[in-house]
Amino acid sequence: MSDNWTEEELRASVDAYVEMHRLEAAGQPFTKKSYYEDLANRFGRTVKSYEYRMQNISYVYSLQGRQWVYGLKPARNVGSNVIQHLERLIAASEGQQLGSNTDFDAKVEKLRKKPPASPPKGKKKPESVQASVTQYVRDPAVVAWVLDQASGHCECCEAPAPFYREDGSPFLEVHHVQRLADGGEDTVNNAVALCPNCHRELHYGAEKRELANKVRAKIARFRGTSAANV
Ligand SMILES: [Zn+2]
Ligand SMILES: [Zn+2]
């Protein structure tokens with residue numbers, strides 16, 4: 001980091017962002033400026049520099065395919081080491097279900113712009129790292145109920161499950177329309193059974209928001225629930 005932010009200061013900034021993100025997802029009011037002022041009082045930088053740091057954090061959210069805090073337009077002038085660092089702090093602050101692959105994905109995208117002439121060597125003995133992640137405890141009854149309702153068909157594209165599990169049951173994945181990390185409920189009103197293609201598209205597709213709206217509109221149990229956080 002070029003401007004010598006301490007670990008403590010960065011962590012406090014990420015914690016503030018995660019809290020604003022959570023409040024926004026829950027539809028609760030908050031004032032961004034008071035978060036910056038609080039950080040400015042604690043660490044002695046200008047309010048503006050915290051606002052800018054928040055926009056860097058928005059950039060990491062955008063790489064993860066997530067919505068960022070309204071009004072904090074992603075600012076992408078951060079190195080991949082900083083992205084990785086911010087990502088770790090975000091994960092630590094809020095706990096994430098999916099693996100933390102943003103930095104990896106950003107590197108893949110960069111390399112794809114200039115494909116090498118010959119195949120890369122790779123590693124015969126890849127290294128391993130220990131990671132600790134916070135996970136949400138999901139209710140198996142919700143998963144079972146949603147799978148039962150779907151009766152073997154994707155609730156998005158309606159196609160039959162692409163294959164059967166070893167126990168003979170159709171393979172579908174249960175997805176939360178509003179992420180648990182964004183304040184989504186682990187209830188049947190926030191969960192759908194999907195084929196792997198639709199599931200990936202809802203996470204990574206260019207039109208994932210439109211698709212999520214379509215799924216909500218289609219499924220009877222979603223009617224009457226708020227669509228404000230789609
Ligand atoms: Zn599908
Ligand atoms: Zn999912």
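So, Val142 first: leaving out residues up to four places away in sequence, Val142 touches Asp186, Thr187, Val188 and Ala191, where contact means heavy atoms within 4.5 Å. The C-alpha atoms of Val142 and Thr187 are separated by 6.1 Å, though the two are 45 residues apart along the chain. Val142 sits in helix H6, residues 140-150. Helices here are DSSP runs of H or I with at least four residues, strands are E runs of at least two, and both are numbered from the N terminus. Val142 has 8% relative accessibility, so it counts as buried; buried means under 20% relative accessible area, exposed is over 50%, and partly exposed is in between, using a 1.4 Å probe and protein chains only.

Quick housekeeping. This is a predicted model, where local features need pLDDT of at least 70 and side-chain atom pairs count only at pLDDT 80 or more, while totals for chains, interfaces and linings use all residues. Residues are numbered from 1 along each chain as its sequence is written, chains are lettered from A and ligands numbered from 1 in the order written, and side-chain values use heavy atoms, with hydrogens and water left out.

Okay, the metals. Donors are N, O and S atoms within 2.8 Å of the metal, or 3.2 Å for Na, K and Ca; water isn't among the atoms, so sites may look incomplete. For reference, the ideal angle for four tetrahedral donors is 109.5 degrees. Cys195 counts as buried at 8% relative accessibility, and Cys198 is buried with a relative accessible area of 8%.

What holds the zinc ion (ligand 2) on the protein side? His175 through ND1, plus His199 and His203 through NE2, lying 2.1 Å from the zinc. His175 is in strand E1 (residues 173-176) and His199 in helix H7 (residues 196-204), so that pair ties together parts 24 residues apart in sequence. Both His175 and His199 are buried.

Last stop, helix H3. Gln55 lies in H3 and, at 18% relative accessibility, counts as buried. Beyond its neighbours within four places in sequence, Gln55 is in contact with Leu72, Lys73, Pro74 and Ala75. After H3 comes Gly65, with a positive phi near 70°.
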